[in-house]
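I opened the notebook to look up a few things in this structure. My notes follow the order in which I checked them.

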Amino acid sequence: MSDMTLQGGASASHAASDHHDTYDYVGSKMGIWLFLFTEVLLFGGLFLLLAVYWFKYPEQFAYGSAQLKHSWGAVNTFVLLISSITIGLSLTSFKRGKLSAAQRYLVLTILLSVLFMVIKFVEWIPKFQDGIYPGSSELVEKYGAVHDESGALLQRDQGVIMFYGLYFIMTGLHGVHVIVGAILMGWMIYQIRTQMVTPARFVRLENVGLYWDLVHLVWVFLFPFFYFMFVLAPPDAGFSLPAIGGHH
Amino acid sequence: MSDNVAAPVDNDARGETHVTPVKTYLLVGLGLVVITILSLLVPKTIQLLNLSSFDAAFNLTFSLQMALALVKASLIILFYMHVKFEGITLKAFMLIALGIVVVIFLLTFFDILFRWNPDENMSMIPMLLEHTFV
């Protein structure tokens with residue numbers, strides 16, 4: 001190996017085989033799983049907050065849930081679902097030696113992740129324009145305080161503020177993970193083209209796929225518990241929905 | 001590329017030679033689409049059930065959404081994340097990590113559920129049990 005006369009193409013594979021001794025499929029895979037567990041703890045902690053405050057303010061959280069853009073959220077769910085399929089197909093074609101198909105699937109996944117972020121901003125911008133964002137004084141004024149007739153402060157109804165705070169933080173953090181995933185996929189396309197990742201040594205691509213599956217997994221829980229936790233009043237008026245907010 | 005991996009000698013490398021077929025991705029994807037559509041129908045379904053209180057409707061909404069989300073999560077973890085075809089070590093990793101998260105949630109809720117605030121003139125438990133599922 002060391003006494004070959006190297007040309008352009010051969011030097012790339014020479015460099016790759018220099019790494020041969022350090023390629024550790026099992027170790028790399030366990031490494032990414034350990035990292036994914038830390039991600040589960042990260043989002044798990046936030047979900048714990050969501051669960052506790054939900055339990056404390058069920059009516060307010062149901063009310064907040066009803067105010068989100070359900071159709072856009074549902075579209076985003078399908079976008080991420082398809083992107084999970086495409087990155088899996090990228091890995092399968094790569095393992096079978098179909099390098100250009102693998103790259104095309106990666107490009108498709110990146111486009112889907114961009115679409116996801118575009119839809120997310122389509123959801124967020126109208127909220128910002130309505131004065132709903134973390135730290136908004138309008139939010140506090142609308143939902144934070146309940147006054148009696150004389151103007152004295154009766155209670156601070158924090159539930160809706162909590163809901164929106166958690167909504168922006170959790171979907172925002174998830175969005176950051178989507179962006180990072182798109183960058184990683186772009187990096188993988190580069191690595192495939194420079195033969196740093198090959199069908200015999202594919203664990204890096206597989207690990208990016210696992211990361212992306214985790215991003216999808218987090219959304220699987222985010223979506224129903226933010227967007228579809230609202231309650232519709234029954235048609236025969238078995239109960240009416242509680243009134244929310246001091247004054248609208 | 002020709003010095004391909006030999007048959008794995010240890011259970012942990014089982015996943016290396018297994019290639020998930022395209023059909024698996026598509027079938028599991030179809031299952032996920034169906035479950036997603038079901039989760040979109042939950043609020044309407046609960047409205048049609050004509051329950052007697054907001055709490056009952058809310059709790060049932062939560063239970064249904066959680067069940068659907070757990071099924072989706074299992075499908076993704078087992079097939080897309082390949083855990084079904086991995087060795088026992090990785091499966092054990094997974095179960096232990098999930099177990100830890102469950103314990104964290106359980107312990108927190110043991111605290112929250114039984115916490116009594118002196119400003120309230122009753123504890124949360126009777127409130128909890130009152131309208132839980134009907």
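**Entry 1: the second largest cavity.** Which residues line the second largest cavity? The model is a predicted one, and I kept that in mind throughout. From chain A I noted A:Val220, A:Phe223 and A:Pro224. From chain B I noted B:Thr36, B:Ser39, B:Gln65, B:Leu68, B:Ala69 and B:Lys72. I then looked up which helices supply the lining. H8 of chain A, helix H2 (22-49) of chain B and H3 of chain B each give at least two residues. H3(B) has the largest share, with four residues. By type, the lining splits into five nonpolar, three polar and one charged. The volume came out at about 50 Å³.

**Entry 2: the largest cavity.** I went on to the cavity count. There are three cavities of 30 Å³ or more. The largest holds about 140 Å³ of space. Its lining has 16 residues. Nearest its centre I found A:Gly88, A:Leu91, A:Asp213, B:Tyr25 and B:Tyr80. I checked the helices here too. H4 and helix H8 (203-227) of chain A, and helix H3 (54-80) of chain B, each supply at least two lining residues. I sorted the lining by type and got eight nonpolar, five polar and three charged.

**Entry 3: helix H4 of chain A.** I looked at H4(A) next, as a contributor to the lining of the largest cavity. This helix runs over residues 70-95 and has 26 residues. At 1.5 Å a residue it should span 38 Å, and its end C-alpha atoms are 38 Å apart, so the two values agree. I also checked its cover: 21 of the 26 residues are buried, so I wrote it down as mostly covered, buried meaning under 20% relative accessible area. After H4(A) comes A:Gly97, with a positive phi near 85 degrees.

**Entry 4: helix H7 of chain A.** I ran the span check on H7(A), residues 159-193. Its 35 residues should span 51 Å at 1.5 Å each, and the end C-alpha atoms are 51 Å apart, which agrees. A:Gln195 follows H7(A), and its phi is positive, near 60 degrees.

**Entry 5: B:His82.** Is B:His82 buried or exposed? I placed the residue first: B:His82 is in the loop between H3 and helix H4 (88-113) of chain B. Its relative accessible area is 4%, and the cut-off for buried is under 20%, so B:His82 is buried. I then listed its contacts, leaving aside neighbours within four places in sequence.

Methods: Residues numbered from 1 in each chain as written. Chains lettered and ligands numbered in written order. Predicted model: local features only at pLDDT ≥ 70, side-chain atom pairs only at ≥ 80, totals over all residues. Heavy atoms only, no water. Expected span 1.5 Å × (residues − 1). Buried < 20%, exposed > 50% of the residue type's maximum accessible area, 1.4 Å probe, protein only. 1 Å grid on protein atoms, 1.4 Å probe; cavity = no way out; pocket = protein on both sides within 12 Å on 5 of 7 lines; lining within 4 Å. Points joined across faces, edges and corners; volume = space filled by probe spheres on them. Nonpolar A, V, L, I, M, F, W, Y, C, P; charged D, E, K, R; others polar. Contact = heavy atoms within 4.5 Å.
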